[in-house]
Amino acid sequence: MITVAVLAAVALLGFGLLYSRSTPSPGPSVSPVTVGADGITAQIDGQRVYRVSEQAEWQTLSGSFLLGGYAVSLPKSCPISAVPTLPSEADLVDCGSVELLPNPMTISPGFGPAALTLAPLGSSLLGGWEGGSAIVVRVHTHDPEATRCGTDIRAACEAAVVVEAVVWPMVPSEIAGEHVYRATEQASFVSLKGSFLLGGLVAYPAVVPPCPSVAGPPGDGQGLLPYCYWPSIDGLALSPKGSFDEPGNEIVVARVHVNDPLAAECQPSVRAECETAIVVESVAWRSNPYATPTPSGTPASSSSAAAIESPSASPDPLRYEDGIPRTFDGQPVLRWSDALALRLTAKDDTPFLVAAWLDVITGPMFCPNMPVDPSAPDSWASDVCTGETVSAEAGGPYSIGQEASFRFIQSYPSTGPAILRVHVHDPRAVQCGTQRAICDAMLVVESVVWSGDSYTAPEPLTVADVIAAASSVQPSTSLVIAGPMSPYYDERLPGALRLTPSNPAQTPPSDMQIAGAYLMPSVEAMQRALPSVQPGAAGALLPTAYRIGTAGSGPGYSYSLVYRWLVVDNVALSVEMLPDASAADRAWLGNLEAALKARR
């Protein structure tokens with residue numbers, strides 16, 4: 001009956017004039033799954049989900065397996081010498097443009113061994129997931145096509161990672177017996193009569209460019225083309241005629257249409273584009289796999305999505321108090337202070353394991369000019385400006401100095417708990433010239449062998465708690481785990497898991513907004529990170545909670561705001577407020593505090 005009503009309304013009002021965010025039609029139910037500290041589940045239906053950093057294990061597997069990560073897309077650029085000559089080589093080892101990153105806080109894509117470039121064959125299946133969202137894909141290596149590659153490139157073809165399917169989050173394949181189309185089927189859209197269902201991830205650009213003209217693109221005039229209108233479903237840009245307002249990182253199935261009657265009034269130069277413009281009529285189903293699921297209805301297919309859960313840690317004699325294992329693969333795991341002591345007595349470069357809490361900066365870094373020893377330009381003893389810093393305890397203080405070096409790490413780490421494989425007396429210390437003795441005594445990090453689990457997940461407040469509390473106070477607020485390409489709306493908090501608004505800022509900063517949310521694994525860790533900030537709404541108004549001020553103006557607007565910390569348990573919200581807090585500001589802070597405490 002809902003479908004009939006919608007079609008009737010379209011017949012009366014004309015395509016492109018109707019959008020509804022009312023209760024969705026019955027669709028697939030969702031089943032929560034437990035995710036790790038990296039935002040990815042450890043298993044699906046009993047099958048292990050491998051991480052990108054576990055390449056030594058999954059590279060030798062036969063058949064398909066599950067691999068978790070964060071998909072990003074890069075401009076394709078191949079040196080002439082790398083251009084393949086055979087079709088099989090083009091499918092497997094051509095310079096790919098889609099990469100899988102190990103976690104949402106990895107360094108920028110394309111730099112360092114953390115980024116896993118996927119084979120062009122199958123990478124089109126990730127077209128709607130390339131905004132840095134966590135996914136689990138079914139993949140395989142040793143593709144049959146590898147036998148047809150040239151002998152000089154055969155090994156690379158065998159090692160190529162080919163995507164078969166995205167298995168989590170799952171987009172429904174049908175709702176109430178009606179097929180749900182995906183971006184890979186876009187070529188067939190223009191032949192469809194009437195409306196149809198389109199499913200996929202809702203995404204917005206990380207950075208919203210300025211709109212050249214409010215009048216729209218030349219030759220349109222009908223407002224059909226996605227000009228200065230930013231949401232997409234499954235990677236497909238939407239027409240502004242639909243007034244789509246779903247938050248980013250939701251999985252939706254929307255009823256849409258192409259061949260809008262208004263396309264006939266577009267200029268001939270853009271008429272074909274107008275005819276293929278995707279106009280949203282309504283949302284038939286939605287869920288948020290990265291937060292609290294919000295679907296309705298009963299199961300209609302085998303599809304599933306997920307909600308973030310962070311199980312509370314419990315005392316375990318096999319773990320340190322902060323949840324890091326005391327042993328790993330039968331080897332003892334030292335604490336940071338013990339490792340620093342061991343480096344002074346170690347006789348050779350035998351590797352050992354050390355527990356640490358890391359802070360890893362993603363994106364650009366600005367470093368001062370540092371003096372370089374001309375006799376040893378490759379010395380790593382002077383790498384004081386580094387993206388990786390270490391703390392013995394969660395919350396800091398984070399530093400690196402001349403205690404350790406990440407220069408030779410096999411895969412880049414992420415912010416949070418880690419077990420590092422390290423050694424001292426590295427033979428490459430000869431590169432350090434006059435600083436050779438310093439380099440010889442430094443802990444050289446080889447790899448990250450463990451990077452957190454449910455024992456080190458944030459508590460008492462979890463990611464899902466923070467997302468739900470924020471939206472309950474301010475329904476327009478939609479927070480998601482920050483991806484590697486997510487913009488920074490304020491200054492970061494070292495060592496914290498960062499949540500950011502899912503929709504990019506398209507308006508000037510305003511009063512009573514959450515610029516970011518930061519989670520530590522415990523209340524004690526948050527106290528170490530922000531020792532001078534008093535908890536609660538009252539503490540947020542004290543001078544010690546002040547972060548930074550901002551002001552600006554433009555045509556028809558001006559603003560003057562401050563950023564403050566609101567700390568509740570293991571969570572710190574970075575909030576935008578008036579410089580002199582109003583009664584509304586104070587009430588808003590109190591509501592946020594109460595909403596977070598209610599989620600304990």
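## Crossing of H8 and H11

Helices H8 and H11 cross in a right-handed manner, a crossing being right-handed if the near helix is turned clockwise from the far one by less than a right angle, and left-handed if anticlockwise. The model is a predicted one, in which local features need pLDDT of at least 70 and side-chain atom pairs count only at pLDDT 80 or more, whereas totals for chains, interfaces and linings use all residues. Residues are numbered from 1 along each chain as its sequence is written, and side-chain values use heavy atoms, with hydrogens and water left out.

H8 covers residues 463-473 and H11 covers residues 583-598, and the two pack at an angle of about 145° with their axes 9 Å apart; axes are lines fitted to C-alpha atoms, for helices over the stretch in contact, with angles from 0 to 180 degrees between N-to-C directions. From H8, Val-466, Ala-469, Ser-472 and Val-473 meet Trp-588, Asn-591, Leu-592, Ala-595 and Leu-596 of H11, where contact means heavy atoms within 4.5 Å. Sorted by class, this contact between H8 and H11 has seven nonpolar residues, two polar ones and no charged ones (Ala, Val, Leu, Ile, Met, Phe, Trp, Tyr, Cys and Pro count as nonpolar, Asp, Glu, Lys and Arg as charged, and the others, Gly among them, as polar).

## The chain and the setting of H8

The secondary structure of the chain comes to eleven helices and 27 strands, taken as DSSP runs numbered from the N terminus, with helices (H or I) of at least four residues and strands (E) of at least two. Of the 600 residues in the chain, 50% count as buried, on a scale where buried means under 20% relative accessible area, exposed over 50% and partly exposed in between (1.4 Å probe, protein chains only). Among contacts in the chain with a separation of 6 or more, 68% are accounted for by residues 24 or more positions apart.

H8 is largely enclosed by the rest of the structure, because eight of its eleven residues are buried. These buried residues are Val-463, Ala-464, Asp-465, Val-466, Ile-467, Ala-468, Ala-469 and Ala-470, and they pack against strand E22 (479-481), strand E23 (497-501), E24, strand E27 (571-577) and H11.

Thr-456 has its place in the loop between strand E21 (443-450) and H8, and with a relative accessible area of 4% it is buried. If residues up to four places away in sequence are not counted, Thr-456 touches Asp-322, Gly-323, Ile-324, Trp-357, Pro-417, Trp-450 and Pro-521.

Ser-454 is also found in the loop between E21 and H8, but at 26% relative accessibility Ser-454 counts as partly exposed. Its C-alpha lies 8.6 Å in space from that of Gly-323, although Ser-454 and Gly-323 are 131 residues apart in sequence.

## Aromatic pairs

The structure holds six aromatic pairs, counted where rings of Phe, Tyr and Trp (its six-membered ring) have centres within 6.5 Å; planes under 30 degrees apart count as stacked, over 60 as edge-to-face and the rest as tilted. One of them joins Tyr-181 and Phe-196 edge-to-face, at 5.5 Å centre to centre and with 75° between the planes. This pair links distant parts of the chain, since Tyr-181 belongs to strand E9 (residues 178-181) and Phe-196 to strand E10 (residues 196-203), 15 residues apart. Tyr-181 is buried at a relative accessible area of 18%, and Phe-196 is buried as well, at 3%.

Tyr-518 and Trp-565 have ring centres 5.6 Å apart and planes at 85°, so this pair too is edge-to-face. Here also distant parts of the chain are linked, with Tyr-518 in strand E24 (residues 513-519) and Trp-565 in strand E26 (residues 557-568), 47 residues apart. Elsewhere, ring pairs link Tyr-50, Trp-58 and Phe-65 into a cluster.

## Charges over rings

Arg-428 lies over the face of Phe-408, 3.7 Å from the ring centre, and the charged end of Arg-335 sits over the ring of Tyr-320, 4.6 Å from its centre; the criterion is that NZ of Lys or CZ of Arg is within 6 Å of the ring centre and within 35 degrees of the ring normal.

Phe-408 lies in the loop between strand E19 (404-405) and strand E20 (416-423), and with a relative accessible area of 21% it is partly exposed. Leaving aside neighbours within four places in sequence, Phe-408 is in contact with Trp-380, Arg-428, Gln-431, Val-444, Val-445 and Glu-446. Phe-408 and Ser-447 are 39 residues apart in sequence, with 8.6 Å in space from C-alpha to C-alpha.
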